[in-house]
Amino acid sequence: MSRHFAARGVGLHCIWFCLTTALAAGVAAQEAGIPPKGAAVSAPQAGTAHERPRIALALAGGGARGGAHIGVLKVLEELRVPIDCIAGTSMGALVGGGYASGMPAADIEQFVTHVDWKSVVGGVGSRKFEPAEQKRFNEAGGSVELGLKDGKIIPPSGLIASSRIEDVLRAYVAKARTVADFDRLPIPYRAVATDMLTGEMVVLDHGDIAMAMRASMAIPGAFAPVVTDKYVLSDGYVVRNLPIDVARELCGDVVIAVNLAKQNATPEQLVGPASLISRSSDIMMEANELAQLQTLTDRDIRIDVDLAGFSAADFERTAETIPLGEKAARAMAAKLATLSVSPAEYTAWRSRVTVKSQNLEVRVADVQIRGLKYVNPEYLRTLLKVHAGDTVDITAISRDAARLAVLDDLDSVEYRFEGDPDNPVLVWEPREKQIGPDVLRPSMGIYFAGAGELRFVLEAQYVRRWLNQYGARRTHHRRHL
């Protein structure tokens, strides 16, 4: 069963009224339990030359392989196929979220192919803001931190720091973040995530679109989950890697499903426990994909993208997957052309859904830091360059986010605007380390002791942080040769 991120309660009389209104407008009745407002928002706009089917786009997850979705979008634009709503999982949620926010395919391609993925995913390039002690530890080969609480060792919830990718997503859809209801985006949109508490699918339909994309992309074990009052959200591939049903329920008379095809594993690839664990995850994902693909009708269009040779982790090769998406879409051009509209209709649609730039430039009325328990907000304030009264853009705010994100006291850094859109309050909401403030840092190294002797070094640091409001800390070292 799926659950919407925040269900909107409606009485039976309201459902009946909305349903009969939709029928009167010529809109096909939706399956019971589906919010009627999604269909109403995505219905063809007044002024079209003829009534056309509503087209839903379902984009599969696949990590770096999801760059192929951009190629599909480019062909849809060439064929003048308008999209009425989008549902995506993981990288499909990222590409789909950009398109739903008003970015043409060329703009998404420009953004995705110019991201420094090594920095975003691996943390490379962000250390210039690190405190000296932390920098020395990292340069010495340390990177893992374990929490110490009540005499127990607590591992981190994700191996990869999420702050950099969160900042990339916020810049990617900066203007769309001011739209809380995803039905009111230029193109209605849904991101799919998995609730790790219950194992159920969660359809994200409102809130911060950047955080919705982040939740849909939170690979369990690699990235920390997105924690809300109700859910612990991780990557949607676990339950719905290709959300055809979500797209159809949102607005689809016709669904265009983009499937990122994957080759079967070979015996040579299944060597060792890591490869077997990874393969078991793939099998689970492929099973829910197959169940979704079997729901396609003769009216729907399935686009299979051959991505042999590409792995989900090949982010630096994302640009190479785009032409493969174009090739797969052109192979279905004859059927896609049946959904084409006239040049005038397409131009009108394109103008209505396009946002020229996602950049924001605002005068900040005030800067606030909220939600901290042990980290002194005044210490964080000394690292910020954006102050009350400054006129800033997203780039300036992102620099401040980077300064905060590398601190070993924080798991992630979020921000939002409140109040007057033209003169808002910039609110920082840094998240303190869930495993902190006291941590254990193990590290291992090798060095030459002279006379050809090679020695191994095992070292551990026990760090007690924020012993007072000024950030005092105490570090205990233990070394074994």
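Visitor: Which residues in H3 are buried?

Guide: This is a predicted model. In H3, the buried residues are Ala68, His69, Ile70, Gly71, Val72, Leu73, Val75, Leu76 and Glu77.

Visitor: What does that say about how H3 sits in the structure?

Guide: H3 covers residues 68-78, and nine of its 11 residues are buried, so the helix is largely enclosed by the rest of the structure.

Visitor: Is alanine 64 buried or exposed?

Guide: Buried: the relative accessible area of alanine 64 is 1%.

Visitor: What is alanine 64 in contact with, leaving aside neighbours within four places in sequence?

Guide: Alanine 64 contacts Ser311, Ala312, Ala313, Asp314, Phe315, Thr318 and Thr321.

Visitor: How far apart are alanine 64 and tryptophan 117?

Guide: In sequence they are 53 residues apart; in space, 9.9 Å from C-alpha to C-alpha.

Visitor: New topic, the largest nonpolar core. Which residues there touch the most other members?

Guide: Ile83, Tyr189 and Ile256 do, in a core of 94 residues.

Visitor: Take isoleucine 256. What does it touch, not counting residues up to four places away in sequence?

Guide: Isoleucine 256 touches Ile55, Ala56, Leu57, Ala58, Leu76, Val81, Ile83, Ile301, Ile303, Leu336 and Leu339. Apart from the core of 94 residues lies another core, of 23 residues, including Val367, Val375, Leu384 and Ala396.

Visitor: On to strands. What is the order in the open sheet of three strands?

Guide: The order is E15-E18-E17, and the pairing is mixed. Strands E15 (366-369) and E17 (410-418) are at the edges with a single partner strand each, so each has one side left without a neighbour in the sheet. On average, neighbouring strands of this sheet are turned by 20 degrees against each other, direction ignored.

Visitor: How many bridges join E15 to E18?

Guide: Four bridges join E15 to E18 (residues 425-432), and the two strands run parallel. Glutamine 368 has valine 427 in E18 as its bridge partner.

Visitor: Which helix lies across E17 and E18?

Guide: Helix H17 (residues 394-405), which runs at about 150 degrees to E17.

Visitor: What about E7 and E11, parallel or antiparallel?

Guide: Antiparallel, over three bridges, with E7 at residues 189-195 and E11 at residues 232-235. Aspartate 195 stands opposite leucine 233 in E11. Leucine 233 is also the bridge partner of valine 226. Strand E10 (residues 226-227) pairs with E11 over two bridges, in the antiparallel sense.

Visitor: How many residues are between E10 and E11?

Guide: Four, and the two strands form a hairpin.

Visitor: Last one, the whole protein. How many helices and strands?

Guide: The protein has 17 helices and 21 strands. Of its 481 residues, 47% are buried. The accessible surface comes to about 23000 Å², with 56% of that belonging to carbon and sulfur atoms. Among contacts between residues at least 6 apart in sequence, 72% join residues at least 24 apart.

Methods: Residues numbered from 1 in each chain as written. Predicted model: local features only at pLDDT ≥ 70, side-chain atom pairs only at ≥ 80, totals over all residues. Heavy atoms only, no water. Pairing = 2+ DSSP bridges. Axes fitted to C-alpha atoms, helices over the stretch in contact; angles between N-to-C directions. Contact = heavy atoms within 4.5 Å. Buried < 20%, exposed > 50% of the residue type's maximum accessible area, 1.4 Å probe, protein only. Core = buried A, V, L, I, M, F, W, Y, C linked by side-chain atoms within 4.5 Å. Areas by Shrake-Rupley, 256 points an atom, 1.4 Å probe, with all protein chains shown as cover.
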